[in-house]
Amino acid sequence: MKKAPILQSYTLFYLLFLYGPILLLPIFAFNDSRVVAFPLQGFTAGWFAEMASDQNLRNAAKNSLMIALSVATISTVLGIFAARASVRYRFPGKAPLMGMIMLPLVLPEMIVAMALLVVLLSAGIPLSLFTVILGQVLICTPFAVAILTSAFQSLDRSLEEAAMDLGETAWSTFRLIVLPLVMPGIMASFLICFTISFDEFIIANFLGSGEPILSVYIFGQFRFPNKVPSMLALGTVLVCMSIILLGFAEYMRRRGIAKAGGKDSGGFL
Amino acid sequence: MTFSDDRPTMIEFKDVHKYYGDYHALRGINGTIKAGEFFSLLGPSGCGKTTLLRTIAGFEDISSGVIMIDGKDMADVAANTRPTNMVFQSYAIFPHMTVEENVGFGLRKDPRSKEDKAKAVAEALDQVGLKGYGKRAAHALSGGQRQRVALARALILKPKVLLLDEPLSALDKKMREHMQVELIKLQRQVGITFILVTHDQEEALVMSDRIAVMFEGEIAQLADPETLYRRPATRKVADFIGTMNFIPAEIVSESGDKVEVDAKGLGRAMLDISQAPAKTGETPVVGLRPETLTLLYDDQKPPERETDGVIDEVIYFGDMTYYDVYLGGTDVEVRLSMRNVPGRPVLDVGTKVRVAWSPSALVLFR
């Protein structure tokens, strides 16, 4: 293999730029000082204890978890319907319709959030965690549709016909054949929507009612220098959770492919 | 009398039409398929043969007409309750299941006990030559094995009709020829009506009791292989099945059950009316299969008629040699085939030859 020193150092620099700041999170999360700066002052797990004892933070985490689980579930279910319809059926106005579903992917989130806020307020719907869920579903559904469309597309249509031919109904065919074979796609969609929702800020900030939501809460806490170390501890926990989640998603995806006897091509990891 | 004559009817088509939007895919299909018959739908791609098969399975609705299976109108019968099972072109083996689970899939709602079902699965696997393969993962099988699984999975339900959608097209030549014979044996053994879709005329001739040749959504001819080969109903059918020489001809006279023709390079010949299928309004030609023409060696006497010729091209196949020969000093060229037997040398281009032929081998298209 040829060496390309410039490309190599560029790659190294790029990765460092991406992940260096994240590596600082755990370093300072265990640093025994309220000031986030070198040199390090000694090891402590105290920030984690402080984080764990913060009642508001726990509320925010609970709310965010509830929102992310709801958004991931709703978006993935909607995504299944939309992806299935787009892969299987031809109907008038299909192209513009699919375009509209995918549009939030490229629409500035700020615009979506403001527009939704205006509509909700003028319709007299009080802001709540529910309106946050509503807004985030709008943002997440295109991701779910994109992931699930490729999952449905790789499904041989004659598999369904074969199941029907062998006596199954449309529903039992879906349950016994389609669902197990697109399950890796469903898992991937669920996890990605969950992740997007969990750290989503703009809609959570605009459409929230003031009940604590994790992303908004973290942003708020950064105004208080005192709180920064415990937020870094929280950040560390979130990074670890993300890695575990992604690792699990990848494991499921590979298992799904191996089970179906397919060739592994790409994936997240 | 052929095999199919005395059999009861299994499937009947009455004026079946199918439209996809403006596209007229099936244009008035009529005909019957007999019980226990090995029946083939043969035609080039896009002729509607697969569509017709899928209307039997119930995967496609028909726009008008009637399809009867075993005496019942299938209009309101869904695919999952029809007495048919299908072997798909892609085999459609469920990749997330074992061989056993695939084969037993159709027995899910069967009231029999678990042990009985397992026995039925084992029997079905045995029948297709996959004994002991039950526990294997379906995706770890070769093409030929997948096809056997697909066969076992369809046959385990004991359907009245087994539908096969180009089942051999994905296999290599050797495997294909092997499976052709196996399918014929299997069909005789189980006695179920088999309907095969294929674009391979040789495959259809080898395997079928009867064949429906389809062009552009219509059945051009429905007959047993020999009739199809010897007495094709139209020039198009003759051209599609095997090789046929077409020689310009004039109709000299037609009276009762005789037609006299004057074929360029061959001369006048008296044909039976059975050699002249219904008129289609084409310019008259007579058709001759290459093997009905023979080169005469030395002082051999022709059994019936002979014509002079000059060899234009020699194509050597090992067991056979094909000669392209200009007939009787005309520009009419015919292809004829000679078996390479000892004492019969392969002739060179330009050799003057005598060609023997028989009026009874001619078919007149007009």
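**Two chains of a predicted model**

Biologist: How many helices and strands are there in chain B?

Modeller: In this predicted model, local features need pLDDT of at least 70, side-chain atom pairs count only at pLDDT 80 or more, and totals for chains, interfaces and linings use all residues. Residues are numbered from 1 along each chain as its sequence is written, while chains are lettered from A and ligands numbered from 1 in the order in which they are written. Helices (H or I, at least four residues) and strands (E, at least two) are DSSP runs, numbered from the N terminus. On that basis chain B has 8 helices and 20 strands.

Biologist: Which pattern does chain A follow along the sequence?

Modeller: Chain A has 11 helices and 0 strands. Read along the sequence, the pattern of chain A is α-α-α-α-α-α-α-α-α-α-α.

Biologist: Are H6(A) and H8(A) roughly parallel or roughly antiparallel?

Modeller: The axes of H6 (residues 129-153) and H8 (residues 170-198) of chain A come within 9 Å and cross at roughly 160°; axes are lines fitted to C-alpha atoms, for helices over the stretch in contact, and angles run from 0 to 180 degrees between N-to-C directions. Angles under 35 degrees count as roughly parallel, over 145 as roughly antiparallel, 65 to 115 as roughly perpendicular and the rest as oblique. H6(A) is therefore, relative to H8(A), roughly antiparallel.

Biologist: How many nonpolar, polar and charged residues does the contact of H6(A) with H8(A) have?

Modeller: Residues are in contact if their C-beta atoms, placed from the backbone, lie within 7 Å. Among those that meet are Phe143(A) and Ile147(A) in H6(A), and Ile186(A) and Ile192(A) in H8(A). Ala, Val, Leu, Ile, Met, Phe, Trp, Tyr, Cys and Pro count as nonpolar, Asp, Glu, Lys and Arg as charged, and the others, Gly among them, as polar. By class, the contact has 14 nonpolar, 4 polar and no charged residues.

Biologist: How do the residues of chain B that touch chain A divide by class?

Modeller: The contact joins 20 residues of chain B to 17 residues of chain A. On the chain B side, the division is 12 nonpolar, 6 polar and 2 charged.

Biologist: What percentage of the residues of chain B count as buried?

Modeller: A residue is buried if 20 or more other C-beta atoms lie within 10 Å of its own, exposed if 12 or fewer, and partly exposed in between. Chain B has 366 residues, and the share that count as buried is 39%.

How values were computed: Contact = placed C-beta atoms within 7 Å.
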